[in-house]
Amino acid sequence: MNEDRQVRSWNHIDPIGGASPVGGRRSHAANRQVRRDQSRDQGRFVSTSDEVSRFWAKVTKTEGCWLWDGKPNADGYGRFRVWRDGRWTHVRAHVWAWEQVHGPVPEGHTLDHVRARGCHHKHCVRTTHLEPVTPAENNRRAAAWRAKATEDAT
Ligand SMILES: [Zn+2]
């Protein structure tokens, strides 16, 4: 891995998010294992400088959220086309961004767009707005938010 290129890549990431990689470098074997273990909606922690520049060209940074300009998935998340394992595939844009800073999303977790941090957009890719949570926690937060919204409306 080219150290210099990695550092430049991380410079694209929100500095508040802490630009240091978590857990250090993985061996090639570990990377392969990670790729196998990951579900389809994960970004797969590999990127090239070309990929990095293509990604950030599609992002509009507002004071709060950093919004993905590209075409969203049917589920509302931004999607980013990447070359993996000899073919083009799509990954979720916010997952790709988060993985550039933190490495793979922990197994059994999804990335929540944290409303408590002012994030209201599923297509936001600002890593400080994202937090890995279990599906149960994600549902709990969504339910709490719905309850609050109902309360505010009455
Ligand atoms: Zn956001």
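Trainee: Let me start with helix H5, residues 135-153. How do you know that its end-to-end distance agrees with its 19 residues?
Mentor: This is a predicted model, and the check is simple. The expected span is 1.5 Å times one less than the number of residues, which for H5 comes to 27 Å. The end C-alpha atoms of H5 are 27 Å apart, so the two values agree.

Trainee: What makes you say that H5 lies largely in the open?
Mentor: A residue needs 20 or more other C-beta atoms within 10 Å to count as buried. Of the 19 residues in H5, the number that reach this is zero, so the helix lies largely in the open.

Trainee: And why is helix H4 called largely enclosed?
Mentor: The same cut-off of 20 applies. Ten of the ten residues of H4 are buried, so the rest of the structure largely encloses this helix. Among them are His94, Glu99, Gln100 and His102, along with Ala93 and Trp96. For the protein chain of 154 residues, the buried share is 25%.

Trainee: Which residues have the most contacts inside the largest nonpolar core?
Mentor: They are Ala93, Val95, Trp96, Trp98 and Val125, in a core of 19 residues. Helix H3 (49-56), strand S2 (66-68) and H4 (93-102) each supply at least two residues of this core. H4 gives the most, with six. Taking Trp98 by itself, and leaving out residues up to four places away in sequence, its contacts are Val105, Leu111, Thr127 and Leu130.

Trainee: What follows H4?
Mentor: Glycine 103 does, and its phi is positive, near 85 degrees.

Trainee: How do you know that strands S3 and S4 pair, and in which sense?
Mentor: Pairing requires at least two bridges. S3 (residues 79-84) and S4 (residues 87-92) have six bridges, in the antiparallel sense, so they pass that cut-off. Two positions show how they line up: arginine 81 has histidine 90 as its bridge partner, and valine 82 stands opposite threonine 89.

Trainee: Why is valine 82 called partly exposed rather than buried or exposed?
Mentor: Valine 82, in strand S3, has 19 C-beta neighbours inside 10 Å. Beyond four places in sequence, valine 82 is in contact with Glu51, Thr89 and Val91. Threonine 48 is 34 residues away from valine 82 in sequence, while their C-alpha atoms are 9.6 Å apart.

Trainee: What makes aspartate 85 count as exposed?
Mentor: Its count is 8 other C-beta atoms within 10 Å. The limit for exposed is 12 or fewer, so aspartate 85 qualifies. This residue is found in the loop between S3 and S4, a hairpin with two residues between the strands.

Trainee: Stepping back, how many helices and strands does the protein chain have, and in what pattern?
Mentor: The count is five helices and six strands. Along the sequence they follow α-α-α-β-β-β-β-α-β-β-α. As for contacts with a separation of 6 or more, 57% join residues 24 or more positions apart.

Notes: Residues are numbered from 1 along each chain as its sequence is written. This is a predicted model: local features need pLDDT of at least 70, side-chain atom pairs count only at pLDDT 80 or more; totals for chains, interfaces and linings use all residues. Helices (H or I, at least four residues) and strands (E, at least two) are DSSP runs, numbered from the N terminus. Two residues are in contact if their C-beta atoms, placed from the backbone, lie within 7 Å. A nonpolar core is a set of buried Ala, Val, Leu, Ile, Met, Phe, Trp, Tyr and Cys residues joined through C-beta atoms within 7 Å.
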